[in-house]
Amino acid sequence: MPKTSARLLALLSLLQARRDWPGALLAERLEISPRTVRRDVDRLRELGYPIVAFKGPDGGYRLDAGTELPPLLFDDEQAVALAVALQIATTAGAGIEEAAVRALNTVRQVMPARLRHRIDTLRVTAVERPASRHNPQVDSGVLMTLSAAVHACEVLRFDYTPASPPGTTEDDRSEPATRRVQPHHLVTWGGRWYLVAWDLDREDWRTFRVDRITPRTPTGPRFTPRELPGGSVAAFVTARFRGSDGSGHWPCRGEVILALPAAAVSPYTADGVVEELGQDRCRLVLGSWSWAGLAATIGRFDADIEVVGPAELKDAFARLARRYADAAT
């Protein structure tokens, strides 16, 4: 029989690995008697671990949630994954950067030497993609409030500050408007946090920038979740940000024939459709915000281009050709 301390750690590790453990199975895995399992469970309870017993034919134990966070056990892969996640938390925009640094130091201090060495050699520098827009930090308390309302399916009221045109002074900014919504999902997109919700006053789906939300309390009554258009939150958000008219479609969509194999084109077309037409020819259907932007995107491919349509895309290629010719002279 292993020493008591080692046995307690082994028991705690098992209880963390799954929700319910029959007492007989714990005794078998630890190679001890059911009576010793009961004594060890009592010792863990004295150390602050909230272990509850459940009855039934396969009566056993469950590690429950408590009022305080007791020491936790991680296997090697979990410890490394946690350290990596904490290092890249600085780009989350959730206002948890300082807490993440402190948590990483805490985890590192209690790691075995072999794992500490792996973490020290794994230095991750989180670099955000350069962008013309500023991604503001979000209050972590606001995130928790919104997340709780989503989880509880409770109507949410908040003050929402609309976007202001560039160059707007503080005196000219619009006043926040009160919104009533049924919150469904909290998502990140392009470095920003958004709340996907059903707007009760407008009777339609809306996406709200979380950094512009000031929640009001208390929350409202519970609601029955609705089915999102598109079948999933990922499909809905992608479609919602795709078109400027909110329809979920690109304002400009064209079709061309490229003198390249489909395998050379498809990795660089995002949501475009690529069809193989031969060894060195493929059909590409692609969308964009503007015809000039679409023509420029297609022009990235170092290949001959045949425009199938529409006429607006042909005109855009002609305008770009004149601009490039002028630039060359």
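Biologist: Which residue lies over the face of phenylalanine 301?
Modeller: Arginine 300 does, at 5.5 Å from the ring centre. A charge sits over a ring if NZ of Lys or CZ of Arg is within 6 Å of the ring centre and within 35 degrees of the ring normal.
Modeller: This is a predicted model: local features need pLDDT of at least 70, side-chain atom pairs count only at pLDDT 80 or more, and totals for chains, interfaces and linings use all residues. Residues are numbered from 1 along each chain as its sequence is written, and side-chain values use heavy atoms, leaving out hydrogens and water.

Biologist: Other topic. How many aromatic pairs are there in the whole structure?
Modeller: A search finds 5. Rings of Phe, Tyr and Trp (its six-membered ring) pair if their centres lie within 6.5 Å; planes under 30 degrees apart are stacked, over 60 edge-to-face, and the rest tilted. Phenylalanine 158 and phenylalanine 208 have ring centres 5.2 Å apart and planes at 80°, so they are edge-to-face.

Biologist: Which residues do ring pairs link into a cluster?
Modeller: Phe158, Tyr160 and Phe208.

Biologist: Is phenylalanine 158 buried or exposed?
Modeller: Phenylalanine 158 is buried, at 0% relative accessibility. Buried means under 20% relative accessible area, exposed over 50%, partly exposed in between (1.4 Å probe, protein chains only). Tyrosine 160 and phenylalanine 208 are both buried too.

Biologist: And what does the side chain of arginine 179 make a polar contact with?
Modeller: The side chain of aspartate 199, at 2.9 Å. A polar contact is a pair of N or O atoms within 3.5 Å; within protein, one must be able to donate a hydrogen and the other to accept it, and residues adjacent in sequence count only if both atoms are side-chain atoms. Arginine 179 is buried, with a relative accessible area of 10%.
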